[in-house]
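Here is a short briefing on one structure. Look at the sequence and the model first, then read the points below.

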Amino acid sequence: MSFVSPGTAAEYDVRARQGLEATFDTPATGVGRAPGRVNLIGEHTDYNRGLVLPVALPHATYAAAARREGTRFRIASAQQSEVWTGALGDAAPGRVTGWAAYAAGVVWALSEAGFQTPPMDVYIDTSVPLGAGLSSSAAIECAVAMAVLGVTDVDLDDDVRRLVVEATIRAETEVAGAPTGGMDQTVSVFAAEGQAVLIDFDDDSHTAIPLPADDHVLLVTDSRVTHTLVDGGYAARRADCEEAAAALGLPSLRAATVADVEQLPDARIRARARHIVTELDRVTATVAALEHQDWARLGELFAASHASMRDDFEISTPELDLSVATAVEAGAVGARMTGGGFGGSSVAIVPTDRVDGVARAIDVAYAAAGHPSPAHLLATPSGGANYLG
Ligand code: GLA
């Protein structure tokens, strides 16, 4: 059974440096690294001032950088054919589109936050699958931020990390125009090895939650159905949640109860709000179940979360429903779709000795259903973004 390899930081450090040198004929001063993520539970809750429980992947994005003369930045990527060239002002909201917005937008947002952003050449390479709902965009943003701060000799402490999270969120929402909620950047920056991160968007706190290491693994299956957060579905769900909170006279759905949401007159808005309120309880229950290694309870919580996303929030797809059902039939403790939805990936907690069998069963089920072959990866919980020097 083959899994998408994360590569090692040492390998990607060399690849990013070589890419910079080959593209711009300049040696790298250093390389920033930032991981993708898989969310265990708590979906679409971040922009409702709620709770989420993501894990940083071993798959990460690497950005090699070097200062240059003049006023312009040049940004290239192993995964893209175009090179973006522009001055700081060209990276402001409304001026840059496509993939470059995620990278250039960070330089603009860091400068807005008061960091030094001298002109640089930047070269990006990644092992995070693109368009798989695994936060390849946040990984680009945070890797570029690490590179810019590293090259300008800024030491990384928790205050700086918080500013990086804010700046990368601004790049994504204001420059790239994806109205996302902040989970991806927060976990990419604050993750710790072997742990999930419980993030509370009501007070912006985050707590490390240890994950049982040896006997279970996290299997991520990319359905290969493309998913983009700049499309309308994500924004429409967000608008529905805001409408529900406003109808209840609350600042956000974090403050709502199940009884409150059942009063909402509009069936669609009621269903959306029901997903958020029940999902918030499931995050807290998942943290407790992980602590007690209560696998049966985790399975129930993942199943309820998936059903809620499929039926109330309406963001699942037939491919995701199939990976989830097949994973559980083949021996996973629990499985659910993960991330923004409308395609992307599922995540399953699987006893280590069953992981090959579960992945194979999903492949067979996809082939029988006529879906394209999925891609699998193992989400060994990894550390947060850093500068490799
Ligand atoms: C995407 C967004 C996140 C979050 C998830 C859904 O990953 O970037 O902010 O809303 O979808 O939980």
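Two strands pair if DSSP finds at least two bridges between them. Helices (H or I, at least four residues) and strands (E, at least two) are DSSP runs, numbered from the N terminus. This is a predicted model, where local features need pLDDT of at least 70, side-chain atom pairs count only at pLDDT 80 or more, and totals for chains, interfaces and linings use all residues. Residues are numbered from 1 along each chain as its sequence is written, and side-chain values use heavy atoms, with hydrogens and water left out.

- Strand 9 (residues 216–222) pairs with strand 11 (residues 345–351) over 7 bridges, in the antiparallel sense.
- V220 stands opposite V347 of strand 11.

- Another open sheet has 6 strands in the order 5-4-6-3-1-13, with mixed pairing.
- Strand 5 (84–87) and strand 13 (386–387) are at the edges with a single partner strand each, so one side of each has no neighbour in the sheet.
- Strand 4 (residues 72–77) and strand 5 run antiparallel and are joined by 4 bridges.
- F73 has G86 in strand 5 as its bridge partner.

**The ligand**

- The ligand is surrounded by 14 residues, and the closest are R37, H44, D46, D184 and Y234 (near means that a heavy atom of the residue lies within 4 Å).
- By class, this shell has 4 nonpolar, 6 polar and 4 charged residues.
- Domain 1 (9–210) and domain 2 (216–378) both give residues to the shell, so the ligand lies between them; the domain bounds come from an automatic or database domain assignment.
- An N or O atom in the side chain of D184 is 2.6 Å from an oxygen atom of the ligand.
- The protein covers 99% of the 310 Å² of accessible area that the ligand has on its own (Shrake-Rupley method, 1.4 Å probe).

Technical notes:
A polar contact is a pair of N or O atoms within 3.5 Å; within protein, one must be able to donate a hydrogen and the other to accept it, and residues adjacent in sequence count only if both atoms are side-chain atoms. Ala, Val, Leu, Ile, Met, Phe, Trp, Tyr, Cys and Pro count as nonpolar, Asp, Glu, Lys and Arg as charged, and the others, Gly among them, as polar.
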